Amino acid sequence: MNLGFLGLQFSFGLQQSNMGPIYAYLGADEASLPLLWLAGPMTGLIVQPLVGALSDRTVSRFGRRTPYFLIGALLCSLCLFAMPHSPALWAAASLLWVLDAANNVTMEPYRAYVSDRLAADQRPLGFLTQSAFTGLAQTLSYLSPSILVWWGVGADAVGANNIPTVTGIAFAVGGVLSLSTVLWSVLRVPELPLDPAQAAALEAGRAAPGGALGDLWAAIRDMPAPMRALALPMLCQWYAMFAYWQFVVHALARSLFDTADPLSAGFREAALLNGRLGGFYNFIAFAAALAMVPLVRRAGPARIHALALTVSGAAMIVLPGLADPWLMALPMLGIGIGWASMMGNPYVMLADAIPPERTGIYMGIFNMFIVVPMMIQSLTMPLIYRPLLGGDPRHVLMLSGALMLLAALLTLRVRPQRG
């Protein structure tokens with residue numbers, strides 16, 4: 001059921017590990033990087049809640065969620081093939097807008113799909129398995145450029161736009177996986193029909209005035225208390241993670257290669273090293289997500305999530321001070337544990353609190369708790385990067401760590417509730 005999620009997350013992993021360097025190769029200024037990443041949060045803010053509401057109300061012979069899987073996967077695949085051939089900064093930024101919109105069209109129905117198919121006592125396993133697939137997919141996407149170098153593709157081979165050849169090949173692989181894995185899931189695991197009570201609720205909702213936008217407003221008005229309580233910890237943890245992705249390659253280039261020049265060999269080596277480190281922390285996320293299943297059942301998702309965010313925050317604070325690539329594997333353990341929890345446990349807390357007939361719309365609204373922090377980060381980081389952080393990307397990572405620790409404390413305020 002989650003194989004299609006692997007292809008989707010391979011695409012996200014390629015963005016996380018490569019868009020910062022791609023923008024740098026095309027001439028972007030460090031302080032402006034967050035503004036160039038606005039595509040993800042902006043499209044997520046608009047697309048996911050709307051697609052959630054629409055998929056809840058969709059009736060087709062393919063199911064409620066499947067049409068959105070297929071449309072999103074096709075567009076995503078086309079954009080991945082095109083991205084490494086961007087002739088200029090504006091072209092790469094424009095493609096990212098379409099790519100993120102397509103990813104969001106697919107992402108939200110997949111979240112709802114898991115909740116649709118599983119009983120309440122199976123959801124921790126379902127969402128943490130989805131988190132494990134995220135870790136596995138992003139391990140492969142982060143490592144793919146280094147694997148290509150090990151296979152003989154030159155690390156310093158670049159195109160006319162300064163984007164390395166290994167990056168172009170990795171994006172092409174992602175384009176194939178994005179569409180093929182979603183098709184496999186759709187064909188192998190068809191959607192389950194609604195039970196009579198859920199079908200009646202759906203028909204009543206379809207007949208209600210206001211359509212999908214009316215459903216969206218009503219769902220926000222009636223938002224369950226645990227979902228509201230998750231807003232602040234989600235703000236801190238996603239501000240932190242978005243900043244980490246944007247600046248980690250630049251921080252590694254400073255720490256290990258003493259360079260801020262994106263066209264230097266040291267910067268390209270920092271990008272490859274980030275791929276290896278990111279692959280490692282995503283592999284840890286893959287294993288940690290599965291290991292969390294019995295722990296979450298015993299201690300509850302909020303406590304386990306708070307603990308995972310704590311070790312992740314400590315890791316981000318320590319990372320910029322290390323000057324040995326091998327020692328950097330240690331903080332990756334903490335970041336991997338935190339990432340596994342971020343992709344699973346908040347959804348366990350959410351799924352237990354929302355009514356099943358409104359799963360799609362609430363999963364879409366919950367994505368706002370991810371993309372709004374990303375938007376805030378994108379708009380505020382350029383303002384504080386030089387005045388408060390000294391124009392040093394290593395300080396961005398330390399700020400991210402502090403916000404992860406704050407998110408851990410705020411998570412402990414979330415109280416469970418059954419929908």
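Gln9 touches Met107, Thr134, Ala137, Gln138 and Met343, not counting residues up to four places away in sequence. This residue of the predicted model lies in helix H1. Gln9 has a relative accessibility of 2%, so the residue counts as buried.

## Overall build and confidence

The protein contains 17 helices and zero strands. Its radius of gyration is 20 Å, close to the 22 Å that the globule rule gives for 419 residues, so the protein is as compact as a globular protein of that length. The C-alpha trace spans about 65 × 40 × 35 Å along its principal axes. Of the 419 residues, 60% count as buried. Among contacts with a separation of 6 or more, 83% are accounted for by residues 24 or more positions apart.

The average pLDDT of the protein is 86, and 93% of the residues score at least 70. Among the elements, helix H17 (residues 393-411) has the highest mean pLDDT, 97, while helix H8 (residues 196-207) has the lowest, 61. Where pLDDT is low, the predicted coordinates should not be read in detail.

## The nonpolar cores

In soluble globular proteins, nonpolar side chains tend to be buried together. Here the largest nonpolar core has 112 residues. The residues with the most contacts inside this core are Tyr23, Trp238, Met241, Tyr244 and Trp245. Helix H11 (residues 231-257) supplies the largest share of the core, with 17 residues. Another core, of ten residues, lies apart from it and includes Ala73, Met107, Val182 and Val186.

Tyr23 shows what a residue of the largest core can touch. Leaving aside neighbours within four places in sequence, Tyr23 is in contact with Ala28, Leu33, Leu36, Trp37, Leu89, Ala92, Ala93 and Leu96.

## A histidine in helix H11

His250 lies in helix H11. The relative accessible area of His250 is 4%, and therefore this residue is buried. When neighbours within four places in sequence are left aside, the contacts of His250 are Gly20, Ala24, Glu30, Leu33, Phe267 and Pro393.

## Aromatic pairs

The count of aromatic pairs comes to eleven. One of them joins Trp245 and Trp339, with 5.3 Å from centre to centre and 90° between the planes, and is edge-to-face. This pair links distant parts of the chain: Trp245 is in helix H11 and Trp339 is in helix H14 (residues 329-342), 94 residues apart. Both Trp245 and Trp339 are buried.

A pair is also formed by Tyr347 and Phe366, whose ring centres are 5.4 Å apart and whose planes are at 80°, so this pair is edge-to-face. Tyr347 lies in helix H15 (residues 345-351) and Phe366 in helix H16 (residues 359-384), so the pair ties together parts that are 19 residues apart in sequence. Tyr347 and Phe366 are both buried. Elsewhere, Tyr142, Tyr244 and Tyr281 form one aromatic cluster.

## Helix H14

Helix H14 has 14 residues and reaches 20 Å from its first C-alpha to its last, close to the 20 Å expected at 1.5 Å a residue. H14 is mostly covered, with ten of its 14 residues buried. Trp339 is one of these buried residues, and the others are Pro331, Met332, Gly334, Ile335, Gly336, Gly338, Ala340, Ser341 and Met342.

## Helix H7

Helix H7 (residues 165-188) has 24 residues. The distance from its first C-alpha to its last is 35 Å, close to the 34 Å expected at 1.5 Å a residue. The buried residues of H7 are Val166, Thr167, Ala170, Phe171, Gly174, Gly175, Ser178, Thr181, Val182, Ser185 and Val186. They pack against helix H1 (3-25), helix H4 (66-82), helix H5 (89-117) and helix H6 (123-150). Val182 and Val186 also belong to the core of ten residues.

Val173 lies in helix H7 as well. Its relative accessibility is 41%, so Val173 counts as partly exposed. From C-alpha to C-alpha, Val173 and Tyr281 are 21 Å apart in space, and they are 108 residues apart in sequence.

Note on methods: Residues numbered from 1 in each chain as written. Heavy atoms only, no water. Core = buried A, V, L, I, M, F, W, Y, C linked by side-chain atoms within 4.5 Å. Buried < 20%, exposed > 50% of the residue type's maximum accessible area, 1.4 Å probe, protein only. Helix = DSSP H or I, 4+ residues; strand = E, 2+ residues; numbered from the N terminus. Contact = heavy atoms within 4.5 Å. Phe/Tyr/Trp six-rings, centres within 6.5 Å; stacked < 30°, edge-to-face > 60°. Expected span 1.5 Å × (residues − 1). pLDDT = per-residue confidence, 0-100. Rg over C-alpha atoms; globule rule 2.2 N^0.38 Å.
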